[in-house]
Amino acid sequence: NNDLSAAQEWFTRLLETFPTHGKNIDAKFKLGTVLFLMGDKVESKRLLDEVAISKTSTAGLAKDYISNNF
């Protein structure tokens, strides 16, 4: 619903509460995109870089996002 602050809070809480969950990489990708939209490009890039080097299907999405926005 485009509430970036709520999305940031939710994904941050999710990552802190379930740091080893299988969806952790997906949450990092989404948090990275939210942070980018909020203007925090340093933290956004850090998270997206973590996702990009992972061996998951989300890595390709992160690489594309980085390529298109940084």
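The chain has four helices and zero strands, where helices (H or I, at least four residues) and strands (E, at least two) are DSSP runs numbered from the N terminus. The model is a predicted one, in which local features need pLDDT of at least 70, side-chain atom pairs count only at pLDDT 80 or more, and totals for chains, interfaces and linings use all residues. Residues are numbered from 1 along each chain as its sequence is written, and side-chain values use heavy atoms, with hydrogens and water left out.

### Overall form

Read along the sequence, the pattern is α-α-α-α. The C-alpha atoms fill a box of roughly 25 × 25 × 20 Å, taken along the principal axes. A compact globule of 70 residues would have a radius of gyration near 11 Å, and the 11 Å of this chain agrees with that; the radius is taken over C-alpha atoms, and the globule rule is 2.2 Å times the number of residues to the power 0.38. Of the 70 residues, 34% count as buried, where buried means under 20% relative accessible area, exposed over 50%, and partly exposed in between (1.4 Å probe, protein chains only). Among contacts between residues at least 6 apart in sequence, 40% join residues at least 24 apart, a contact being heavy atoms within 4.5 Å.

### How the helices pack

Two packed helices are described by the angle between their axes and the distance between the axes. Here the axes are lines fitted to C-alpha atoms, for helices over the stretch in contact, and angles run from 0 to 180 degrees between N-to-C directions. Angles under 35 degrees count as roughly parallel, over 145 as roughly antiparallel, 65 to 115 as roughly perpendicular, and the rest as oblique.

| Helix pair | Axis distance | Crossing angle |
|---|---|---|
| α2 and α4 | within 10 Å | roughly 15° |
| α2 and α3 | within 8 Å | roughly 155° |
| α3 and α4 | 7 Å | about 140° |

The axes of helix α2 (residues 24-38) and helix α3 (residues 41-52) cross at roughly 155°, which makes α2 roughly antiparallel to α3. In this pair α2 passes α3 in a left-handed crossing, a term used if the near helix is turned anticlockwise from the far one by less than a right angle, and right-handed if clockwise. The α2 side of the contact consists of Ile25, Lys28, Phe29, Leu31, Gly32, Leu35 and Phe36, which meet Lys41, Glu43, Ser44, Leu47, Leu48, Glu50 and Val51 of α3. By class, this contact of α2 with α3 has eight nonpolar, two polar and four charged residues, where Ala, Val, Leu, Ile, Met, Phe, Trp, Tyr, Cys and Pro count as nonpolar, Asp, Glu, Lys and Arg as charged, and the others, Gly among them, as polar.

With helix α4 (residues 58-69), α2 crosses at roughly 15°, and α2 and α4 are therefore roughly parallel to each other. The crossing of α2 past α4 is left-handed. From α2, the residues Ile25, Asp26, Phe29, Thr33, Phe36 and Leu37 meet Thr58, Leu61, Ala62, Tyr65 and Asn69 in α4, and by class this contact has seven nonpolar, three polar and one charged residues.

In the remaining pair of the table, α3 and α4 pack at an angle of about 140°, which makes α3 oblique to α4. Their crossing is left-handed. The contact is formed by Lys45, Leu48, Asp49, Val51 and Ala52 of α3 together with Thr58, Ala59, Ala62, Lys63, Tyr65 and Ile66 of α4, and by class it has seven nonpolar, one polar and three charged residues.

### Individual residues

Asn24 is placed in helix α2 and is buried, with a relative accessible area of 11%. Not counting residues up to four places away in sequence, Asn24 touches Leu15, Phe18 and Pro19. Asn24 and Ser57 are 33 residues apart along the chain, and their C-alpha atoms are separated by 13 Å.

Thr33, also a residue of helix α2, is buried with a relative accessible area of 13%. From C-alpha to C-alpha, Thr33 and Leu47 are 9.0 Å apart in space, while 14 residues apart in sequence.

Trp10 lies in helix α1 (residues 4-17) and is partly exposed, with a relative accessible area of 45%. The C-alpha atoms of Trp10 and Leu31 are separated by 8.9 Å, with the two residues 21 apart along the chain.
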